[in-house]
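Colleague: I am new to this structure and would like to learn how to read it. Could we go through some features together?

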Amino acid sequence: MKEDQRPPLHLQNHQRNKLSITKLFTHTSAYVILVLLSYTLGYVSHSYPPQQQQRLQLQLSQLTPPPPSVFQFANLPTQLDNFRVTAHCSNSPLPPNLVFPTILDRVFNGCSPYTNFPPPHLRSFLKQKRIKGWGSYGAVFEHLIKRVKPRVIIEVGTFLGASALHMVNVTRKLSLQTQILCLDDFRGWPGFRDRFKDIKMINGDVLLLQQFMQNVVYFNATGSVLPVPFSRGSGLEKFCKWGITADLIEIDAGHDFISAWGDINRAFRILRPGGIIFGHDYFTAADNRGVRRAVNLFAQMNNLRIQTDDQHWVIDTALAKQI
Ligand SMILES: C[S@@+](CC[C@H](N)C(=O)[O-])C[C@H]1O[C@@H](n2cnc3c(N)ncnc32)[C@H](O)[C@@H]1O
Ligand SMILES: *[C@@H]1O[C@H](CO)[C@@H](O)[C@H](O)[C@H]1NC(C)=O
Ligand SMILES: *[C@@H]1O[C@H](CO)[C@@H](O)[C@H](O)[C@H]1NC(C)=O
């Protein structure tokens, strides 16, 4: 073996420590920490151009004592705090009948976004209705709405409103008074118009929010569906701060681990005790099954049971975990 092919010193030490470390890894907590740490490191190294990366590695190697000892591993649980959502939440949840008025007041200056919608200058750009979703009519929606009888539903990831409007249909059928908040930046994703050329763009601003609102108007659902056109992170954080909670929360936005992890952790904080959080794409392959890894890790860390319903994952907090 040539000199430069030899494992670095700290790796040799690593092997010497192998026995005791292996023992430690059998613990779930150590596994969880490793998964999270590998994401941080992956994220850090991914986000920098090569030159900066070299500098970063140098800094890291200067900062990090090379031989990781069992002592260091034993202290890693504190590192988990970096992955927790800690934004301040209201101590007093709003009653359901104040949820829409609060959003209208805080997000829309007290004026419904549907007032005089669509404005004349947009009319020719919108279709009377244009709906397309993915797994948006699954039986899971009816199953869960029947189980929870929600007063408030929050949907994270709405697009053109297929699943939201399907939920309106279900709640109408069950004669429920349900209010649905749709949190989405309504920007789609970069390049989404390759498949949705008919969604118009004006000076770089895609009319996804407007076409969604037109769909809501078409289905006479303006009284029960309200868009919250912001990013999932900032939106969920404010809901928490304003005391907005939901009985049922659906997650259907990004399919990578980091997105799904953030959405689930933030959304869980505003789930009413005994409520249900569920989401699409449990079996989707994207990001090495990123959604499933995030859901599984979250359930494991919080001692919750996962159920599946066709393409969806479901966590029902009213059910005790069955081991
Ligand atoms: C799959 S669509 C939601 C579909 C909707 N729930 C339905 O079934 O009709 C995902 C939505 O999440 C939003 N989104 C935000 N961040 C995203 C991300 N990183 N990847 C994909 N979608 C994202 C997009 O604007 C898009 O409207
Ligand atoms: C809601 O139900 C009506 C009547 O059954 C149907 O025509 C419509 O397509 C449904 N809407 C959605 C968005 O599922
Ligand atoms: C919406 O309401 C109008 C007026 O009541 C009615 O004519 C129309 O059929 C309704 N549309 C749907 C999709 O339910």
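Modeller: Gladly! Let us start with Asn-203, which sits in the loop between β3 (201–202) and β4 (205–206). Helices (H or I, at least four residues) and strands (E, at least two) are DSSP runs, numbered from the N terminus. This is a predicted model, where local features need pLDDT of at least 70, side-chain atom pairs count only at pLDDT 80 or more, and totals for chains, interfaces and linings use all residues. Residues are numbered from 1 along each chain as its sequence is written, while chains are lettered from A and ligands numbered from 1 in the order in which they are written.

Colleague: What is the phi of Asn-203?

Modeller: Most residues other than glycine have a negative phi, and most peptide bonds are trans. Asn-203 is not a glycine, yet its phi is positive, about 50 degrees.

Colleague: Is Asn-203 buried or exposed?

Modeller: A residue is buried if 20 or more other C-beta atoms lie within 10 Å of its own, exposed if 12 or fewer, and partly exposed in between, with C-beta atoms placed from the backbone. Asn-203 has 4 other C-beta atoms within 10 Å, so it is exposed. Asn-303 also has a positive phi, near 60 degrees. Asn-303 belongs to the loop between α13 (286–302) and β8 (307–309), and it is exposed, with 9 other C-beta atoms within 10 Å.

Colleague: Which peptide bond is cis?

Modeller: The bond from Phe-117 to Pro-118 is cis, with omega near -5 degrees. Pro-118 is in the loop between α6 (99–107) and α7 (120–123).

Colleague: How many residues of helix α10 are buried?

Modeller: Eight of the eleven residues of α10 (residues 208–218) are buried, so this helix is largely enclosed by the rest of the structure. Among them are Leu-208, Phe-212, Met-213 and Val-216. Their cover includes α7, α9, β4 and β5 (225–228), where contact means that C-beta atoms, placed from the backbone, lie within 7 Å. After α10 comes Asn-220, with a positive phi near 55 degrees.

Colleague: At what angle do the axes of α8 and α9 cross?

Modeller: Two packed helices are described by the angle between their axes and the distance between the axes. The axes of α8 (residues 139–148) and α9 (residues 162–173) come within 10 Å and cross at roughly 45 degrees. That makes α8 oblique to α9; angles under 35 degrees count as roughly parallel, over 145 as roughly antiparallel, 65 to 115 as roughly perpendicular and the rest as oblique. Phe-141, Glu-142 and Ile-145 of α8 meet Ser-163, His-166, Met-167, Val-170 and Thr-171 of α9.

Colleague: And how do α11 and α12 compare with those categories?

Modeller: Here the axes of α11 (residues 232–242) and α12 (residues 257–268) come within 9 Å and cross at roughly 10 degrees. That makes α11 roughly parallel to α12. The contact involves Arg-232, Gly-233, Leu-236 and Glu-237 of α11 with Gly-262, Asp-263, Arg-266 and Ala-267 of α12.

Colleague: Which residues surround ligand 2?

Modeller: A residue is near a molecule if its C-beta atom, placed from the backbone, lies within 6 Å of it. Around ligand 2 are Ile-131, Leu-165, His-166 and Asn-169. Ligand 1 is surrounded by 18 residues, and the closest are Gly-133, Phe-159, Ala-162, Ser-163 and Gly-254.

Conventions: Axes are lines fitted to C-alpha atoms, for helices over the stretch in contact, and angles run from 0 to 180 degrees between N-to-C directions. Two residues are in contact if their C-beta atoms, placed from the backbone, lie within 7 Å.
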